[in-house]
Amino acid sequence: MQVAPSILSADFGKLAQEVKAICDGGCDLVHVDVMDGHFVPNLTIGPVVVKSVAKASTKPLDVHLMVENNTFFVDLFAPLKPKYISFHIEEEKHPHRLIQKIRDLGISPAIVLNPHSRSEDLEYIINDLDMVLLMSVNPGFGGQKFIPSVVEKAARLKDLILRKNASALIEVDGGVNDKNVHELKNAGVDIVVAGSYVYGSDDYSKAIKSLQI
Ligand code: DX5
Ligand code: ZN
């Protein structure tokens with residue numbers, strides 16, 4: 001299991017230090033939550049701050065867009081060369097076009113599904129994706145309770161990926177900890193995002209390792 005700590009739960013007063021700490025702690029990716037105050041009722045960081053995050057990070061960035069105007073934000077973050085840019089399917093009229101655009105920019109495209117969205121709807125797009133991000137909380141805030149139905153959704157998505165001979169990875173985001181990570185692993189999940197679990201612990205490295213099962 002790969003681990004992508006979400007910096008949403010970091011101390012923003014010492015952000016560079018907090019990013020370095022998870023990288024030194026052995027994380028696989030650095031998860032960056034971009035919220036616009038419209039798609040979700042919260043507002044986070046833009047490219048100016050993420051540029052500093054990229055500078056402090058020794059690991060690839062995983063940019064999770066929770067915004068209304070996806071294309072605008074893709075253009076804004078692409079120059080920072082994250083490994084992944086993921087966007088919500090609920091907010092995009094032309095997911096296939098946007099996936100091609102992200103790939104043409106040299107970035108791995110990923111689609112995010114909210115807790116109510118069906119993984120089956122990805123049938124005709126799964127082969128174009130490098131990753132699918134399944135929300136296990138409603139997007140907008142860190143520290144929420146894990147929604148258990150994501151486990152079945154991940155297993156069904158894994159079946160779809162195998163049936164279509166696709167190579168997309170499955171990432172789960174929200175309320176992940178050392179207890180529920182095992183059922184996620186069994187369902188075929190490849191990457192977990194963890195915000196409050198990692199940044200709320202006394203030992204980031206130990207918390208990260210407890211998820212790398
Ligand atoms: C929620 C964000 C998550 C969040 C995860 O909208 O997408 O990445 O920071 O935080 P925890 O792990 O605390 O649920
Ligand atoms: Zn996220």
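This report walks through the ligand site of a predicted model and then visits a few residues in its loops.

## Reading the model

Because this is a predicted model, local features need pLDDT of at least 70 and side-chain atom pairs count only at pLDDT 80 or more, while totals for chains, interfaces and linings use all residues. Residues are numbered from 1 along each chain as its sequence is written, chains are lettered from A and ligands numbered from 1 in the order in which they are written, and side-chain values use heavy atoms, with hydrogens and water left out.

## Where the ligand sits

Let's start with the pocket. Ligand 1 sits in the largest pocket. Here a pocket is worked out on a 1 Å grid over the protein atoms alone, as an open set of points where a 1.4 Å probe fits, with protein on both sides within 12 Å along at least five of seven lines. A molecule sits in a pocket if more than half of its atoms lie within 2 Å of the pocket's grid points.

The shell around ligand 1 holds 20 residues, and G140, G143, D173, G195 and S196 come nearest; a residue belongs here if one of its heavy atoms lies within 4 Å of the molecule. By class, the shell has 8 nonpolar, 10 polar and 2 charged residues.

Strands (E, at least two residues) and helices (H or I, at least four) are DSSP runs, numbered from the N terminus.

## Polar contacts at the ligand

Which side chains place a polar atom by an oxygen atom of ligand 1? For S196 the distance is 2.5 Å, for S6 it is 3.0 Å, and for H64 it is 3.2 Å. Taken alone, ligand 1 exposes 380 Å², and the protein buries 100% of that; such areas come from the Shrake-Rupley method with a 1.4 Å probe.

H64 itself lies in strand β3. At 0% relative accessibility, H64 counts as buried, which means under 20% relative accessible area, whereas exposed means over 50% and partly exposed lies in between (1.4 Å probe, protein chains only). The H64 side chain also makes a polar contact with the side chain of D33 at 3.1 Å, and another of 3.2 Å joins H64 to the side chain of D173. Within protein, a polar contact is a pair of N or O atoms within 3.5 Å, one able to donate a hydrogen and the other to accept it; residues adjacent in sequence count only if both atoms are side-chain atoms.

## Loops worth a look

K81 lies in the loop between α3 (70–77) and β4 (84–88). K81 has a positive phi of about 50° although it is not a glycine, and counts as exposed at 57% relative accessibility.

N165, in the loop between α5 (150–163) and β7 (169–173), has a positive phi of about 55° and is not a glycine either. Its relative accessibility is 70%, so N165 counts as exposed. C27, in the loop between α1 (15–24) and β2, is buried, with a relative accessible area of 2%.

Conventions: 1 Å grid on protein atoms, 1.4 Å probe; cavity = no way out; pocket = protein on both sides within 12 Å on 5 of 7 lines; lining within 4 Å. Nonpolar A, V, L, I, M, F, W, Y, C, P; charged D, E, K, R; others polar.
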